Amino acid sequence: MEEGYKANKYLISASITLLLFAFINIFKTALPAFSAMLNFFPPVGPLLGVYLLSIIIFLFSLGIFSTVKIKNQSFAFWFFVVSTIAFLLLVFPPIFEPIAHFLGK
Amino acid sequence: MDVFVKLFNLSFWEKFADFHGLLSMLSLILFGSGIILYFVVRKSNNFFSWFKNILLTLFIDLVLLDTAGLTVYIPYRAEGGPRTILKASEATAWYHTVIFEHKEFLAFAPPLIILTVYLVAKTLGSNFNDDSNSKLRKAVLFGLIASLVFVLIVAAEAVLVTKTAPVR
(Lines give C-alpha, C1' and ligand atoms only; values in the text may rest on other atoms or scores of the structure.)
Protein backbone atom coordinates (compact mmCIF):
# COMPACT_ATOMS: atom_id res chain seq x y z
CA MET A 1 0.00 0.00 0.00
CA GLU A 2 2.92 2.34 0.82
CA GLU A 3 4.09 2.22 -2.82
CA GLY A 4 0.63 3.46 -3.88
CA TYR A 5 1.04 6.64 -1.79
CA LYS A 6 4.51 7.20 -3.21
CA ALA A 7 3.34 6.73 -6.80
CA ASN A 8 0.41 9.11 -6.21
CA LYS A 9 2.89 11.67 -4.85
CA TYR A 10 4.82 11.65 -8.14
CA LEU A 11 1.67 12.01 -10.26
CA ILE A 12 0.23 14.86 -8.17
CA SER A 13 3.57 16.73 -8.02
CA ALA A 14 4.05 16.49 -11.80
CA SER A 15 0.46 17.63 -12.39
CA ILE A 16 0.84 20.67 -10.10
CA THR A 17 4.15 21.53 -11.79
CA LEU A 18 2.62 21.41 -15.27
CA LEU A 19 -0.28 23.66 -14.22
CA LEU A 20 1.99 26.13 -12.41
CA PHE A 21 4.38 26.23 -15.39
CA ALA A 22 1.44 27.36 -17.53
CA PHE A 23 0.36 29.96 -14.94
CA ILE A 24 3.92 31.27 -14.46
CA ASN A 25 4.10 31.68 -18.23
CA ILE A 26 0.80 33.61 -18.25
CA PHE A 27 1.99 35.91 -15.44
CA LYS A 28 5.33 36.33 -17.22
CA THR A 29 3.46 37.59 -20.29
CA ALA A 30 1.07 39.76 -18.23
CA LEU A 31 3.60 41.36 -15.89
CA PRO A 32 6.81 42.81 -17.42
CA ALA A 33 8.40 43.13 -13.95
CA PHE A 34 7.92 39.39 -13.32
CA SER A 35 9.33 38.62 -16.77
CA ALA A 36 12.38 40.79 -16.00
CA MET A 37 12.89 38.88 -12.75
CA LEU A 38 12.90 35.55 -14.64
CA ASN A 39 15.30 36.95 -17.24
CA PHE A 40 18.46 36.43 -15.18
CA PHE A 41 20.41 35.09 -18.19
CA PRO A 42 19.53 37.42 -21.12
CA PRO A 43 21.01 35.28 -23.97
CA VAL A 44 18.31 32.65 -23.28
CA GLY A 45 15.70 35.04 -21.90
CA PRO A 46 12.95 34.54 -19.30
CA LEU A 47 12.21 31.03 -20.57
CA LEU A 48 15.15 29.67 -18.55
CA GLY A 49 13.70 31.28 -15.43
CA VAL A 50 10.30 29.67 -16.08
CA TYR A 51 11.97 26.24 -16.49
CA LEU A 52 14.07 26.55 -13.32
CA LEU A 53 11.23 27.91 -11.20
CA SER A 54 9.03 25.00 -12.35
CA ILE A 55 11.73 22.45 -11.45
CA ILE A 56 11.93 24.02 -7.96
CA ILE A 57 8.11 23.74 -7.69
CA PHE A 58 8.32 20.03 -8.61
CA LEU A 59 10.92 19.33 -5.91
CA PHE A 60 8.94 21.38 -3.38
CA SER A 61 5.72 19.48 -4.26
CA LEU A 62 7.50 16.14 -3.79
CA GLY A 63 8.47 17.32 -0.31
CA ILE A 64 4.91 18.38 0.54
CA PHE A 65 3.30 15.18 -0.75
CA SER A 66 5.79 13.04 1.15
CA THR A 67 4.10 14.39 4.27
CA VAL A 68 0.55 14.83 2.96
CA LYS A 69 -0.35 11.36 1.71
CA ILE A 70 -2.81 11.14 -1.18
CA LYS A 71 -4.64 7.82 -0.92
CA ASN A 72 -6.97 8.10 -3.90
CA GLN A 73 -5.27 6.46 -6.90
CA SER A 74 -8.14 7.35 -9.22
CA PHE A 75 -7.93 11.04 -8.27
CA ALA A 76 -4.16 11.05 -8.87
CA PHE A 77 -4.63 9.46 -12.31
CA TRP A 78 -7.38 11.83 -13.47
CA PHE A 79 -5.62 14.90 -12.08
CA PHE A 80 -2.54 13.85 -14.06
CA VAL A 81 -4.58 13.38 -17.27
CA VAL A 82 -6.49 16.67 -16.93
CA SER A 83 -3.34 18.66 -16.01
CA THR A 84 -1.42 17.27 -18.99
CA ILE A 85 -4.20 18.19 -21.43
CA ALA A 86 -4.69 21.60 -19.74
CA PHE A 87 -0.94 22.24 -20.04
CA LEU A 88 -1.00 21.50 -23.78
CA LEU A 89 -3.76 24.08 -24.25
CA LEU A 90 -2.58 26.72 -21.75
CA VAL A 91 0.87 27.10 -23.33
CA PHE A 92 -0.59 27.71 -26.80
CA PRO A 93 -0.17 31.48 -27.47
CA PRO A 94 -3.64 32.07 -29.02
CA ILE A 95 -5.12 30.69 -25.77
CA PHE A 96 -2.82 32.12 -23.06
CA GLU A 97 -2.16 35.55 -24.58
CA PRO A 98 -5.77 36.86 -24.26
CA ILE A 99 -5.75 35.69 -20.60
CA ALA A 100 -2.38 37.41 -20.03
CA HIS A 101 -3.56 40.64 -21.66
CA PHE A 102 -6.69 40.59 -19.50
CA LEU A 103 -4.59 40.12 -16.34
CA GLY A 104 -2.08 42.75 -17.43
CA LYS A 105 -4.69 45.50 -17.84
CA MET B 1 35.45 13.24 -49.54
CA ASP B 2 34.10 16.62 -50.57
CA VAL B 3 30.94 16.02 -48.57
CA PHE B 4 32.94 15.48 -45.35
CA VAL B 5 34.85 18.74 -45.95
CA LYS B 6 31.51 20.52 -46.40
CA LEU B 7 30.10 18.91 -43.25
CA PHE B 8 33.23 19.90 -41.32
CA ASN B 9 32.89 23.47 -42.56
CA LEU B 10 29.35 23.87 -41.20
CA SER B 11 29.19 26.43 -38.41
CA PHE B 12 29.24 25.26 -34.78
CA TRP B 13 25.57 26.18 -34.31
CA GLU B 14 24.49 24.32 -37.46
CA LYS B 15 26.20 21.18 -36.17
CA PHE B 16 24.76 21.73 -32.70
CA ALA B 17 21.23 22.16 -34.12
CA ASP B 18 21.72 18.88 -36.04
CA PHE B 19 22.82 17.17 -32.80
CA HIS B 20 19.66 18.56 -31.18
CA GLY B 21 17.64 16.90 -33.97
CA LEU B 22 19.55 13.63 -33.47
CA LEU B 23 18.57 13.56 -29.78
CA SER B 24 14.97 14.06 -30.84
CA MET B 25 15.14 11.11 -33.28
CA LEU B 26 16.71 8.95 -30.57
CA SER B 27 13.80 9.77 -28.26
CA LEU B 28 11.35 8.38 -30.85
CA ILE B 29 13.16 5.01 -30.84
CA LEU B 30 13.11 5.00 -27.02
CA PHE B 31 9.40 5.93 -26.94
CA GLY B 32 8.66 3.02 -29.28
CA SER B 33 10.70 0.66 -27.08
CA GLY B 34 9.00 1.96 -23.94
CA ILE B 35 5.47 1.50 -25.28
CA ILE B 36 6.23 -2.02 -26.58
CA LEU B 37 7.91 -3.00 -23.29
CA TYR B 38 4.89 -1.73 -21.33
CA PHE B 39 2.74 -4.36 -23.05
CA VAL B 40 5.48 -7.02 -22.76
CA VAL B 41 5.71 -6.38 -19.00
CA ARG B 42 1.93 -6.78 -18.74
CA LYS B 43 2.45 -10.36 -20.01
CA SER B 44 5.70 -11.12 -18.17
CA ASN B 45 7.34 -9.35 -15.23
CA ASN B 46 10.73 -10.74 -16.36
CA PHE B 47 11.20 -7.71 -18.62
CA PHE B 48 10.41 -5.14 -15.94
CA SER B 49 14.04 -4.04 -15.47
CA TRP B 50 14.30 -3.52 -19.26
CA PHE B 51 11.20 -1.33 -19.13
CA LYS B 52 12.56 0.68 -16.20
CA ASN B 53 15.96 1.14 -17.87
CA ILE B 54 14.39 2.29 -21.14
CA LEU B 55 12.31 4.87 -19.21
CA LEU B 56 15.43 6.14 -17.42
CA THR B 57 17.37 6.32 -20.71
CA LEU B 58 14.46 8.17 -22.31
CA PHE B 59 14.38 10.65 -19.43
CA ILE B 60 18.14 11.32 -19.80
CA ASP B 61 17.74 11.76 -23.57
CA LEU B 62 14.84 14.22 -23.08
CA VAL B 63 16.81 16.25 -20.52
CA LEU B 64 19.73 16.47 -22.97
CA LEU B 65 17.26 17.36 -25.74
CA ASP B 66 15.79 20.23 -23.68
CA THR B 67 19.24 21.42 -22.60
CA ALA B 68 20.38 21.46 -26.23
CA GLY B 69 17.14 23.26 -27.18
CA LEU B 70 17.71 25.99 -24.59
CA THR B 71 21.32 26.31 -25.80
CA VAL B 72 20.25 26.69 -29.44
CA TYR B 73 17.94 29.43 -28.17
CA ILE B 74 21.06 31.63 -27.77
CA PRO B 75 21.87 31.97 -31.53
CA TYR B 76 18.12 31.95 -32.30
CA ARG B 77 17.55 35.01 -30.07
CA ALA B 78 20.81 36.78 -31.00
CA GLU B 79 20.62 40.09 -32.88
CA GLY B 80 20.25 39.28 -36.61
CA GLY B 81 19.39 35.65 -35.81
CA PRO B 82 16.32 33.68 -36.92
CA ARG B 83 14.03 35.42 -34.40
CA THR B 84 14.93 38.86 -35.80
CA ILE B 85 14.43 37.60 -39.37
CA LEU B 86 11.03 36.07 -38.59
CA LYS B 87 9.72 39.06 -36.63
CA ALA B 88 10.84 41.52 -39.33
CA SER B 89 8.03 40.49 -41.66
CA GLU B 90 4.33 40.34 -40.82
CA ALA B 91 4.02 37.25 -43.03
CA THR B 92 6.57 35.27 -40.96
CA ALA B 93 6.20 36.81 -37.47
CA TRP B 94 3.66 34.16 -36.44
CA TYR B 95 6.34 31.48 -36.85
CA HIS B 96 7.99 33.02 -33.79
CA THR B 97 5.07 34.43 -31.80
CA VAL B 98 2.89 31.32 -32.07
CA ILE B 99 4.82 28.29 -33.35
CA PHE B 100 8.25 28.73 -31.78
CA GLU B 101 6.88 30.05 -28.49
CA HIS B 102 4.52 27.05 -28.23
CA LYS B 103 7.38 24.67 -29.06
CA GLU B 104 9.61 26.09 -26.31
CA PHE B 105 6.89 25.90 -23.64
CA LEU B 106 5.61 22.47 -24.66
CA ALA B 107 9.13 21.01 -24.55
CA PHE B 108 9.15 21.38 -20.75
CA ALA B 109 6.59 18.60 -20.25
CA PRO B 110 8.10 15.39 -21.77
CA PRO B 111 11.13 15.06 -19.42
CA LEU B 112 8.94 15.79 -16.38
CA ILE B 113 6.25 13.31 -17.45
CA ILE B 114 8.76 10.57 -18.29
CA LEU B 115 10.58 11.10 -14.98
CA THR B 116 7.20 10.75 -13.24
CA VAL B 117 6.36 7.62 -15.22
CA TYR B 118 9.80 6.16 -14.37
CA LEU B 119 9.39 6.94 -10.66
CA VAL B 120 5.87 5.43 -10.61
CA ALA B 121 7.09 2.24 -12.36
CA LYS B 122 10.15 2.00 -10.06
CA THR B 123 7.96 2.47 -6.98
CA LEU B 124 5.51 -0.25 -8.06
CA GLY B 125 8.36 -2.65 -8.87
CA SER B 126 7.26 -6.28 -8.73
CA ASN B 127 3.69 -5.14 -7.92
CA PHE B 128 3.38 -3.40 -11.31
CA ASN B 129 0.87 -5.95 -12.60
CA ASP B 130 -1.25 -6.09 -9.42
CA ASP B 131 -4.96 -5.44 -10.01
CA SER B 132 -4.92 -2.82 -7.24
CA ASN B 133 -2.52 -0.67 -9.31
CA SER B 134 -4.55 -0.49 -12.51
CA LYS B 135 -4.96 3.32 -12.39
CA LEU B 136 -1.22 3.82 -11.83
CA ARG B 137 -0.45 1.52 -14.78
CA LYS B 138 -2.86 3.57 -16.90
CA ALA B 139 -1.03 6.72 -15.77
CA VAL B 140 2.25 5.16 -16.96
CA LEU B 141 0.82 4.35 -20.39
CA PHE B 142 -0.93 7.73 -20.66
CA GLY B 143 2.32 9.51 -19.71
CA LEU B 144 4.28 7.64 -22.36
CA ILE B 145 1.75 8.36 -25.12
CA ALA B 146 1.15 12.00 -24.09
CA SER B 147 4.92 12.69 -24.01
CA LEU B 148 5.35 11.08 -27.42
CA VAL B 149 2.58 13.30 -28.84
CA PHE B 150 4.20 16.38 -27.26
CA VAL B 151 7.62 15.50 -28.74
CA LEU B 152 6.04 14.97 -32.18
CA ILE B 153 4.28 18.37 -31.98
CA VAL B 154 7.52 20.07 -30.84
CA ALA B 155 9.49 18.38 -33.66
CA ALA B 156 6.91 19.40 -36.28
CA GLU B 157 6.95 22.99 -35.02
CA ALA B 158 10.77 23.03 -35.04
CA VAL B 159 10.83 21.89 -38.68
CA LEU B 160 8.25 24.54 -39.60
CA VAL B 161 10.36 27.33 -38.09
CA THR B 162 13.85 26.16 -39.14
CA LYS B 163 12.88 25.67 -42.79
CA THR B 164 11.90 29.35 -42.85
CA ALA B 165 14.82 30.71 -40.80
CA PRO B 166 17.55 28.18 -39.96
CA VAL B 167 20.12 28.72 -37.22
CA ARG B 168 23.50 29.64 -38.75
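What is the mean pLDDT of chain A, and what percentage of its residues reach 70 or more? Please then describe in detail the packing of helix H1 (residues 2-30) of chain A with H6(B).

Reply: This is a predicted model, in which local features need pLDDT of at least 70 and side-chain atom pairs count only at pLDDT 80 or more, while totals for chains, interfaces and linings use all residues. Residues are numbered from 1 along each chain as written, and chains are lettered from A, with ligands numbered from 1, in the order of writing.

Chain A has a mean pLDDT (the predictor's confidence in each residue, from 0 to 100) of 92, and 98% of its residues reach 70 or more. The mean for chain B is 92, with 100% of its residues at 70 or more. Within chain B, confidence is highest in H6(B), at a mean of 96, and lowest in H4(B), at 87. For the complex, the predictor gives a pTM of 0.93 and an ipTM of 0.94.

Of the contacts in chain B (C-beta atoms, placed from the backbone, within 7 Å) between residues at least 6 apart in sequence, 76% join residues at least 24 apart.

The contact between the chains draws 30 residues from chain A and 28 residues from chain B. On the chain B side, at least two residues each are supplied by helix H3 (48-77), helix H5 (93-106), helix H6 (109-124) and helix H7 (134-164). H6(B) gives the most to this side, with 8 residues. By class, the chain B side has 17 nonpolar, 6 polar and 5 charged residues (nonpolar: Ala, Val, Leu, Ile, Met, Phe, Trp, Tyr, Cys, Pro; charged: Asp, Glu, Lys, Arg; polar: the others, including Gly).

The packing in question joins H6(B) to H1(A), with the axes 8 Å apart and at an angle of about 175° (lines fitted to C-alpha atoms over the stretch in contact; angles from 0 to 180 degrees between N-to-C directions). The two helices are therefore roughly antiparallel, the word for angles over 145 degrees. From H1(A), Glu3(A), Lys6(A), Ala7(A), Tyr10(A), Leu11(A), Ala14(A), Thr17(A) and Leu18(A) take part. They meet Ala109(B), Leu112(B), Ile113(B), Thr116(B), Leu119(B), Val120(B), Thr123(B) and Leu124(B) of H6(B). The residues of this helix pair comprise 11 nonpolar, 3 polar and 2 charged.

Two further features of chain B complete the picture. Thr92(B) lies in the loop between helix H4 (82-88) and H5 of chain B. Beyond its neighbours within four places in sequence, Thr92(B) is in contact with Leu86(B) and Thr164(B). The C-alpha atoms of Thr92(B) and Thr164(B) are 8.2 Å apart, although 72 residues separate them along the chain. An unreviewed UniProt entry lists a "transmembrane region" at residues 20-41, 53-76, 105-121 and 141-161 of chain B; such annotations may be inferred rather than shown by experiment. Residues 105-121 are 88% helix and 0% strand, with end C-alpha atoms 26 Å apart. Residues 20-41 of chain B are 100% helix and 0% strand, and their end C-alpha atoms lie 31 Å apart.

Notes: Contact = placed C-beta atoms within 7 Å. Helix = DSSP H or I, 4+ residues; strand = E, 2+ residues; numbered from the N terminus. Parallel < 35°, antiparallel > 145°, perpendicular 65-115°, else oblique.
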